[in-house]
Amino acid sequence: MNPDEKNELDGMIARVSDPVSGKIQLLQMVQETYGWLSEEHMRYIAGKIGTSYQDLFSVATFYAQFKFNKPGRTVIKVCRGTACHVRGGAQVLKEAKNLLGIKPGQTTEDGEYSLETVACVGACALAPTVVLGSDVHRRMTAKKMAELLRESGGGWKKAEKAPEPTAKKPKAGKSKGARK
Ligand code: FES
């Protein structure tokens, strides 16, 4: 860990009046700053506040809000709320999993994308929704998911293989004028 990080962590510890009873607050600060809880950071804090890494880790695992894997540079959150679910959110999530080759809670090998699910982003009228970075994308479909990744500018490796949005093809059949 570099000296800047140590200083930053020391500052967080100093801001909590009782770091031992304020473990959650401390962990929240670390996650806010770094986006996740690394073992290295937790070990450092544990040593500083006089507890063990195992203790801090077990406190953190009790809460769903904490992440133990470094998030990708681009975080994609697919809403799994009821409104999104009934309007095809499951298909959108399935497509995101297929295209990125990861499950929710995982990050692509190149560290570019993380996939997450969220309960509701407050845009139910325009469900299904996907949040990419800080933008909420509404009325999503599986096809739009591919477009979104392609446009995300995150160097998505499968972008070229993503299906292009296609215009509806006219139904095959005989037209009146074709009859003789
Ligand atoms: S349920 Fe998805 S935005 Fe509300």
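Let's start at Cys-124, which touches Gly-81 and Ala-83 once residues up to four places away in sequence are set aside. Keep in mind that this is a predicted model. Along the chain, Cys-124 and Gly-81 are 43 residues apart, yet their C-alpha atoms sit 8.3 Å apart in space. You'll find Cys-124 in the loop between E2 and strand E3 (130-132). Is Cys-124 buried, exposed or something in between? With 15 other C-beta atoms within 10 Å, Cys-124 is partly exposed, because a residue needs 20 or more to count as buried and 12 or fewer to count as exposed.

The largest nonpolar core holds 18 residues, and the ones with the most contacts inside it are Ile-76, Val-78, Val-92, Ala-96, Leu-99, Val-130 and Met-145. Which elements give two or more residues to this core? They are strand E1 (74-79), helix H5 (82-100), strand E2 (113-118) and helix H6 (142-151). H5 provides the largest share, with 6 residues.

Next, the helix pairs. Two packed helices are described by the angle between their axes and the distance between the axes. Take helix H1 (residues 3-15) and helix H3 (residues 39-49): their axes come within 11 Å and cross at roughly 50 degrees. H1 and H3 are therefore oblique to each other, and their crossing is right-handed. On the H1 side, Lys-6, Leu-9 and Ile-13 do the meeting, and on the H3 side their partners are His-41, Tyr-44, Ile-45, Lys-48 and Ile-49. Sorted by class, this H1 and H3 contact has 5 nonpolar, 1 polar and 2 charged residues.

H1 also packs with helix H2 (residues 23-34), where the axes come within 9 Å and cross at roughly 145 degrees. H1 passes H2 in a right-handed crossing. Which residues make the contact? From H1 they are Glu-8, Met-12 and Ile-13, and from H2 they are Leu-26, Met-29, Val-30 and Thr-33. By class, the H1 and H2 contact has 5 nonpolar, 1 polar and 1 charged residues. Look at Ile-13 as you go: Ile-13 is listed in the contact with H3 and also in the contact with H2.

Definitions and conventions:
Residues are numbered from 1 along each chain as its sequence is written. This is a predicted model: local features need pLDDT of at least 70, side-chain atom pairs count only at pLDDT 80 or more; totals for chains, interfaces and linings use all residues. Axes are lines fitted to C-alpha atoms, for helices over the stretch in contact, and angles run from 0 to 180 degrees between N-to-C directions. Helices (H or I, at least four residues) and strands (E, at least two) are DSSP runs, numbered from the N terminus. Angles under 35 degrees count as roughly parallel, over 145 as roughly antiparallel, 65 to 115 as roughly perpendicular and the rest as oblique. A crossing is left-handed if the near helix is turned anticlockwise from the far one by less than a right angle, and right-handed if clockwise. Two residues are in contact if their C-beta atoms, placed from the backbone, lie within 7 Å. Ala, Val, Leu, Ile, Met, Phe, Trp, Tyr, Cys and Pro count as nonpolar, Asp, Glu, Lys and Arg as charged, and the others, Gly among them, as polar. A nonpolar core is a set of buried Ala, Val, Leu, Ile, Met, Phe, Trp, Tyr and Cys residues joined through C-beta atoms within 7 Å.
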